[in-house]
Amino acid sequence: MSDRGTARCRREGRPGPCSSPAGPQGARGRLSRAQRPPRWARGLRAGRGGSDRSPRAGMAAEDEAELSLLECRVCFEPYGPDGQRRPLNLPCGHVLCRGCVGALAGAERQRLECPFCRRLWGPAETSDCRPLLQLLELLGPAGGLASALGRSGGGAAAAPPGLGLRLCLGGWGSLVNPTGVAACPGSGRLAVAHDGKKRIHVFGPSGFCLGRFGERGPASNDIKYPLDVTVTSDGHVVVTDGGDCSVKAFDFDGRGVLAVREGFCLPWGLDATPKSEVILTDSEAGALYLLAADFQRGELKKCQMIRSRLVSPRAVAVCQTSGAVVVIEHLKARGPSRGSTRVKIFSAEMDLIGQMDSFGLNLVFPSTIYATAVAFDKEGRVIVTDVCSQAVICLGKPEEFPIFNPLISHGLSYPVGLTYTANNSLVVLDSGDHSVKVYSST
C-alpha cells in the first residue's frame, strides 16, 4: 500500500491490508497495483477522513460520498456480481471482494487475516454475501460507483397527458442508492430507505426534508442493509434490514420501537394494511408473513407465515380496499439472461386469483417487462415499475388482469420503488438518479 493509503488507514483508525503478520514488504496481505483504489476513488472518500477534497455541490455533509454499502472497504472498488468484485462474507461478519480475499490469503491460500478484526480464516470458509448480491441486482446499473459519478439527479421527467411531474426530490448526496419508498397515510410524509449515513430520509408533502434517522452501525436498532420501507396507519416506519435479517420499526422522531427477528432468511419487501399490520416477503425462504404488533408499546403480537412455496418474492403491496395482495417473484435465469419476473395476485384470504410472468406478458404485449416494484391505486388496479422500458405500467384490476396501460413512459432511469399518497399522487423511486418523483393528475 502507498504511504498515502497507509496514512489514510491511520486516520480512519483501522488496520490496512498490508499490516498483516508478513509485514509491509511481505507478499501476504499486499494488494497489487491493480487492486489499489484509483485516484478518483480516493478523492471521493471525503467525509471518511481520506481526502481534503471539498464536498460536491449540493451534497449534505453527513451524506457525502456514502458508498460503503456497495464497495469493498479494502480496495474501495465497487462490488459486482461476478469475478474479482463479487462480495464475500468472512465468518466474522465482515465483507470483502473476492480479489481482496485472494490477495490477503497470499499465494499459499491457506489462511487470511481479516483486516478489520484480525481474526484468521481459511479462504474456503468464505461465502457469497447474498443481501449485497441481490441488492446489486435490484439496483442494476444504477448501483455502481460509475453511475454515481455520472448522474446528478433532479432531472425532469415527461409523462403522458393527464399525469404530470409535480415534485422531484433528492438527487445524489441527498439520497444514495435508494431502495424503498413509502407514504404516510395520515400526514402525507414520504419515507425513503437508502444508503446514507442515516438510512431513512423523511420528506414533507411539499418536498422539504423533515429529518433523517436510522443510523448505520452495529447496535441492535441500527440499520445495516435497508431493502424496503413502509409506513403504518398509526405513523410508524417499518424497515426490512438484510444486514441482520430483521424487521425494525421506528416512530417519525427516529426512536426505535421494535426489532423482529423471527428466523427470517432474508426479509425483503413489505407493505402495511389498514389495520397497521404488515405483510412482508422473505426472498430466501420463498414465503409471505403477516406481522402484527403494538408499535406504541413495542410489543410483537404475531408473526405468521401466510403463504409459502414462492420463488424469490421481493416487492409486495396490499390493496387498502379489498385486502388483496400482489407479489413480484424473481425467477432464476436459464442461460446468460438476467432471468424474469412474475406477478402474482392473492385474495385477502390468500387464494391465488391471477398471475403473469414476463414471458407471458411478452406474448400478449409488445414489451419485455422486468418488474421491480408494485402498488395498488385507489381503484384497486395493479401498477408496476418496469426497468426494461424504464416505465410505470398499469396491469389492471385482478378480475381483468392483465391489461397493458403505460402511465409513465419517459424520464425514468431505473425505477425500483412505487407508492401512492392519500391524495392519489403516484410516487416513483428512481435509483438511476437517486431521486423521488411525484406525479399527479393535471
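Gly106, with a positive phi near 80°, follows H3, where helices (H or I, at least four residues) and strands (E, at least two) are DSSP runs numbered from the N terminus. This is a predicted model, in which local features need pLDDT of at least 70 and side-chain atom pairs count only at pLDDT 80 or more, while totals for chains, interfaces and linings use all residues. Residues are numbered from 1 along each chain as its sequence is written, and side-chain values use heavy atoms, with hydrogens and water left out.

Helix H3 itself spans residues 98-105 and is mostly covered, with 6 of its 8 residues buried; buried means under 20% relative accessible area, exposed over 50% and partly exposed in between, with a 1.4 Å probe and protein chains only. The buried positions in H3 are Gly99, Cys100, Val101, Ala103, Leu104 and Ala105, and their cover includes strands E1 (87-89), E2 (95-97) and E3 (112-113).

Leaving aside residues up to four places away in sequence, Arg199 touches several residues, among them Val192, His194, Phe213 and Pro226, a contact being heavy atoms within 4.5 Å. The side chain of Arg199 also reaches the backbone oxygen of Ile223 at 3.3 Å, and one of its polar atoms lies 2.5 Å from the backbone oxygen of Lys224.

Across the protein chain as a whole, the secondary structure comes to 6 helices and 29 strands, and buried residues make up 57% of the 442 residues.

Technical notes. A polar contact is a pair of N or O atoms within 3.5 Å; within protein, one must be able to donate a hydrogen and the other to accept it, and residues adjacent in sequence count only if both atoms are side-chain atoms.
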